[in-house]
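Dear colleague,

I am passing a structure to you with this message. Kindly look it over before reading the notes that follow it.

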Amino acid sequence: MHSRRQPRLIGGTSTLGGVLRRRLLQGAGALGIAAILRPTVVFAESDDDNERLGPFGPWSSPVNLGPVVNSRFHEWSSAISKDGLSLYITSSRAGGVNGPNPDHFNEIWVSRRASIDAPWQAPVNLDAFNETPVINAVGSGTAAPNFSADGHLLFFQSPHPGGYGGSDLYVSRRTNKHDDFGWQEPVNLGGLINTSYGDFQPDYFEDEETGIVVLYFTSDRPGGPVGSLPGSAHIYVSMLGDDGTFGPGVLVTELSSQSSDNRTAIRRDGLEVFVSSNRGYGLSGVKDIWVSTRDSTLEPWSTPVNLGPTVNYPGYGTGTPALSWDGTALYFTSDRPGGFNAPANAHLTGDLYVTTRRKLREHERHDEADHQRS
């Protein structure tokens, strides 16, 4: 892991029509997006990419990622790399570009491990090797990392100066998808997808069946479901256009509620999505993780179902899901008892946890189908 470098700490249903050619952000336009991104989408490929995902067994009891990854401050909204060896986290800890960070600005850090079975190492700020900050910002929060399928793009949220108001969605590119410190200067995704309100928590999806590229995200803009609470956030989706920019966000009515809904984690085949929400019929009354499915990417999402008390914790918040490439690990944030937050940081509560599930073998699939029919 970059052994020659030493870190320096610095102070209704939303149906999307049409078939998009497999190209990503090809035109520079006023945004200069082409200066940072490749002109074509390269759909991620590996030996197991075409293998059918699922069915899966039940989720395991969550495990706290421990005091190496978590701190006495707030850790939340993570992203796991395709190979499972890099975990990007949002944290308000000290030691990043904001130095002692008395104002608790969020920054993005990365924890690495040598193999899937190895322990996570101490998180390193994404700007630890930069003379001046690139991803994170002094005096401004940066949060909610999310990878493109090929690992070359990093989407995130930030109220960087020069945006459209509130928090905006940004993207950065790296040439080497294994270089966690090679990110280029980020680019604002523009005024079609971003608004003067808060736009948060990007979730990138490439549909290999149709060639469509979309970005799911959360926004507190007006126009949520009828009867929504004032200032509540909901789930939107934006499609990448032929001009190389993401278009206006469309409300995903199936995933949104009258309460507050945020951070989706869509499975790479587009048939399962997790969403955190404090909708009133959940377990915690604070925030839970829910799951929705569909039979194809051209169909609407099903009504979200609560993941239940194994993953969610009654009386406490559980949210910001991030799903592994193979769909067997779900990382999330929770303020449940037993974490590592300092009691004095009551407004900064949250540790990162992981729950896992196993892909069922052929004979187990039949047993599970028989069980569901009975």
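Is F274 buried or exposed? F274 is buried, with a relative accessible area of 0%; buried stands for under 20% relative accessible area, exposed for over 50% and partly exposed for what lies in between, with a 1.4 Å probe and protein chains only.

Please note that this is a predicted model, in which local features need pLDDT of at least 70 and side-chain atom pairs pLDDT 80 or more, while totals for chains, interfaces and linings use all residues. Residues are numbered from 1 along each chain as its sequence is written, and side-chain values use heavy atoms, with hydrogens and water left out.

Aromatic pairs

Rings of Phe, Tyr and Trp (its six-membered ring) pair if their centres lie within 6.5 Å; planes under 30 degrees apart are called stacked, over 60 edge-to-face, and the rest tilted. The count by this rule is ten aromatic pairs. One of them joins W59 and F274: the ring centres are 5.9 Å apart and the planes stand at 75 degrees, so the pair is edge-to-face. W59 lies in the segment before β1 (63–64) and F274 in strand β15 (residues 272–277), so this pair ties together parts that are 215 residues apart in sequence. W59 counts as buried, at 14% relative accessibility.

Y88 and F147 also form an edge-to-face pair, 4.8 Å from centre to centre and with 75 degrees between the planes. Y88 is in strand β3 and F147 in strand β6 (residues 143–147), 59 residues apart. Both residues are buried, and together with W183 they form one aromatic cluster.

Strands here are DSSP runs of E of at least two residues, numbered from the N terminus, and two strands pair if DSSP finds at least two bridges between them. Four strands form an open, antiparallel sheet in the order β2-β3-β4-β5. β2 (75–80) and β5 (124–125) stand at its edges with a single partner strand each, so one side of each has no neighbour in the sheet. Strands β3 (residues 86–91) and β4 (residues 107–112) are joined by six bridges, and Y88 stands opposite V110 in β4.

The site of D168

D168 belongs to strand β8 (residues 168–173). The side chains of D168 and N188 make a polar contact of 3.0 Å. D168 is buried, and the nearest side chain of opposite charge, R221, is 8.0 Å away.

Technical notes: Lys and Arg count as positive and Asp and Glu as negative; His and the chain ends are not counted. A salt bridge is a side-chain nitrogen of Lys or Arg within 4 Å of a carboxyl oxygen of Asp or Glu. A polar contact is a pair of N or O atoms within 3.5 Å; within protein, one must be able to donate a hydrogen and the other to accept it, and residues adjacent in sequence count only if both atoms are side-chain atoms.
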